[in-house]
Amino acid sequence: MKNASYFLKEAIRIVLTNKLSNLFSFLGTALILFLLALVIAIWSISSQLTRMLRDEAEINAYFNKAAANTEELLNLIRQIDGVREVRLVSEEEAKIRMEKILGEESGILDLFDENPFEAYFEVKIELEKLDSVFTQISSLRGINYVRENREVLERIEGITKAFEVLGYLVIAAVSITTLIIISHMIRQGIYQNREQIRTLVLLGAPDNFINFPYILLGFLLTFCGGSLQRYLSTY
């Protein structure tokens, strides 16, 4: 572009003409972009938390050991749509888990002559398919009952959806605010140089020729503000 050097010089001149105003614009841009980066980082963390909560969604299926083929039931459950993972928890493992939960009170389990816990299938599921998975597992021959923890699972699902919606809304709000502020900075630069712009119009300069230095100024302020934001985010 043959006018590139002129546009760059003009953008620099505008910066030097209104040093204080452009300094605040630069700092404001850096702050807004830093806020946007912070919101995106928080949203990313909440998304990871959401995935972790979903991964922990599970139901427990108890079976009749005398009447059921454990390996066959395991394979049947694994094939159900909505089941992500299934494993057999033995009576001994169930007791060890309860001892960890009870902590110092675990000595109460020693009062039992035999292990009071039953073996069961621990089934990790997709939250959206809870009802379907529950119905299909319950209907399998050899399954006595299924503990679905519905209230806990529904609460987890509600939290994950709330995180997702809130994250999208906040990112959208901050992004729109960023665009509005940067646009306002460009308009402010044009207003502060209105006399020179009026002179260029009277001389017959085309609109693109007049506007481009201010667009370039907005780009430079955004780029420099983004560089400062990256530095602040890193250190």
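**Tyrosine rings and their surroundings**

User: With a relative accessibility of 8%, does Tyr-62 count as buried or exposed?
Analyst: Buried means under 20% relative accessible area, exposed over 50% and partly exposed in between, with a 1.4 Å probe and protein chains only. The relative accessibility of Tyr-62 is 8%, so this residue counts as buried. The model is predicted: local features need pLDDT of at least 70 and side-chain atom pairs count only at pLDDT 80 or more, while totals for chains, interfaces and linings use all residues. Residues are numbered from 1 along each chain as its sequence is written, and side-chain values use heavy atoms, with hydrogens and water left out. The class of Tyr-62 is therefore buried.

User: How many residues of strand 1 are buried?
Analyst: Helices (H or I, at least four residues) and strands (E, at least two) are DSSP runs numbered from the N terminus. Glu-58, Asn-60 and Tyr-62 point one way from strand 1, while Ile-59, Ala-61 and Phe-63 point the other way. For strand 1, residues 58-63, the count of buried residues is 6 of 6.

User: Which strands pair with strand 1?
Analyst: Two strands pair if DSSP finds at least two bridges between them. Strand 1 is joined by 5 bridges to strand 3 (residues 120-125), running antiparallel, and Ala-61 stands opposite Phe-121 there. Tyr-62 stands opposite Tyr-145 in strand 4.

User: How far apart in sequence are the parts that the pair of Tyr-62 and Tyr-120 ties together?
Analyst: Rings of Phe, Tyr and Trp (its six-membered ring) pair if their centres lie within 6.5 Å; planes under 30 degrees apart count as stacked, over 60 as edge-to-face and the rest as tilted. The whole structure holds 3 aromatic pairs, and the one between Tyr-62 and Tyr-120 is tilted, at 5.1 Å centre to centre with 40° between the planes. Tyr-62 lies in strand 1 and Tyr-120 in strand 3, so the separation is 58 residues.

User: What kind of pair do Tyr-62 and Tyr-145 form?
Analyst: Their ring centres are 4.8 Å apart and their planes meet at 10°, so the pair is stacked. This pair links strand 1 and strand 4 across 83 residues. The kind of pair is stacked.

User: Which residues do ring pairs link into a cluster?
Analyst: Tyr-145, at 42% relative accessibility, counts as partly exposed, whereas Tyr-62 and Tyr-120 are buried. The cluster linked by ring pairs consists of Tyr-62, Tyr-120 and Tyr-145.
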